[in-house]
Amino acid sequence: MGISRRDTLGMALAGAAVAGTARAAAPSNESHSPALVVSTWDFGAAANAAAYGRWKAGGTLIDAVEAGAQVPEADLSNHSVGMGGYPDRDGHVTLDAIIMDDRGHAGAVAALEGYVHAISVARRVMERTPHTMLVGEGAAQFAREQGFAAQDLLTPEAEAAWKEWLRTAEYKPVANIENQRGSKLDHDTIGILARSPEGRLAGACTTSGMAYKLRGRVGDSPQSGCGLLVEPGVGAATATGVGEEVTRIAGAARVVGSMRMGMSAMAACREAVEHIVKLRGDAVKDAQVAFLAIDKDGRVGAFAIQPGFTYAVTDAAGRTAVHPSDSLRRA
């Protein structure tokens, strides 16, 4: 598709937003300035910039979160999302994604092969089908029918890392590996949440899943209420880390439900983490799970099991900062 004048303006604004990114030294606190876009991990800063640029150029919140999610999907140095993502144990790169707004619209794909922008295919599911999720070959067939260009997602670097892993076939997820760009152990997701100054909400989540997962494995990311949930008049939440632990408690739904009952975004994220640890005990002693949330007023909360989780916050003026999250366990 061609690039419109509006898209060109959005790219320029996105670049300006990236230039203004700062790493905040302060501990994780709920934002005092209402947030416009928040996303998981340090690479979320570039995603926020694209989302902000698209919104500032006149796009909807759905346009914004889609544009933001597309950034890591196309980033060859990011091995946890999209193109360049590490494959499953059989050498297949499979993608999961979800997108949703605060009017009950949602679309998702899971175990999608051959299409880099899973988030855009998910949006088509939302807008052009009566369904909320398509999986596997059915999702790929739908992408073809919608005119998306197929391509091989297994890059030479990812293939080499997979072949090296096959020598020992030792699967060990590492906490916070998302902050170590280029590691062969890189895994997980980007979740991105957006709120307009009027209080409207939208969110997106996209991932290539855990490196060297069992073929057919789907984590929390594309599941409504697990990796992402958006609720009008309340807020939105997304999750990152070991997806299996998030799905056990419908993590994003739990966080949003706690906010609905009056908890702050921060307290709701913490409660969900504490519940996982209480429920699972030693099974999560070395695992990372983190939640990020934004309430209807633009206040942000984040909390993790382990130290090291980071998140990016962009306000309505386009100022972006990367924050360290508070955590249950200490370094």
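How many helices and strands does the secondary structure of the protein come to?

1. **Overview.** Please keep in mind that this is a predicted model. Its secondary structure comes to nine helices and 14 strands. Of the 331 residues in the protein, 58% are buried. If you look at contacts between residues at least 6 apart in sequence, 66% of them join residues at least 24 apart.

2. **Strand β9 and its partners.** On one side, β9 (residues 235-241) pairs with β8 in the antiparallel sense over four bridges. Within that pair, Leu229 stands opposite Ala237 of β9. The hairpin of β8 and β9 has three residues between the strands, and Gly233 takes a positive phi there, near 75 degrees. Strand β9 also pairs with β10, again in the antiparallel sense, over seven bridges. Here Gly241 has Val289 of β10 as its bridge partner.

3. **How β9 is enclosed.** Is β9 largely enclosed or open to the outside? Seven of its seven residues are buried, so β9 is largely enclosed by the rest of the structure. In a regular strand, side chains alternate between the two faces of the sheet. Both faces of β9 are covered: Gly235, Ala237, Ala239 and Gly241 are buried on one side, and Ala236, Thr238 and Thr240 on the other.

4. **Helix α9.** The 16 residues of α9 should span 22 Å at 1.5 Å a residue, and this agrees with the 23 Å between its end C-alpha atoms. Its buried residues are Ala265, Met266, Ala268, Cys269, Ala272, Val273, Ile276 and Val277. The cover over them includes α7 (243-248), α8 (251-260), β10 and β11. After α9 comes Gly281, with a positive phi near 55 degrees.

5. **Helix α3.** Now turn to α3 (residues 61-73), a helix of 13 residues that reaches 19 Å from its first C-alpha to its last, close to the expected 18 Å. Because 11 of the 13 residues are buried, α3 is largely enclosed by the rest of the structure. Among the buried ones are Leu61, Ile62, Val65 and Pro72, together with the charged-type names Asp63, Glu66 and Glu73. What covers the buried residues includes α2 (44-56), β3 (95-101), α4 (118-128), β6 (189-195) and β7.

6. **Where α4 meets α5.** The axes of α4 and α5 (residues 136-145) come within 10 Å and cross at roughly 85 degrees. That makes the two helices roughly perpendicular. From α4, the contact is made by Val121, Arg124 and Val125, and from α5 by Ala139, Phe142 and Ala143. By class, five of these residues are nonpolar, none is polar and one is charged.

7. Finally, have a look at Ala211, in the loop between β7 (201-207) and β8 (228-231). Ala211 is buried, because its relative accessible area is 5% and the cut-off is under 20%. Ala211 and Ala158 are 53 residues apart in sequence, with 9.7 Å between their C-alpha atoms in space.

Conventions. Residues numbered from 1 in each chain as written. Predicted model: local features only at pLDDT ≥ 70, side-chain atom pairs only at ≥ 80, totals over all residues. Heavy atoms only, no water. Buried < 20%, exposed > 50% of the residue type's maximum accessible area, 1.4 Å probe, protein only. Expected span 1.5 Å × (residues − 1). Contact = heavy atoms within 4.5 Å. Pairing = 2+ DSSP bridges. Axes fitted to C-alpha atoms, helices over the stretch in contact; angles between N-to-C directions. Parallel < 35°, antiparallel > 145°, perpendicular 65-115°, else oblique.
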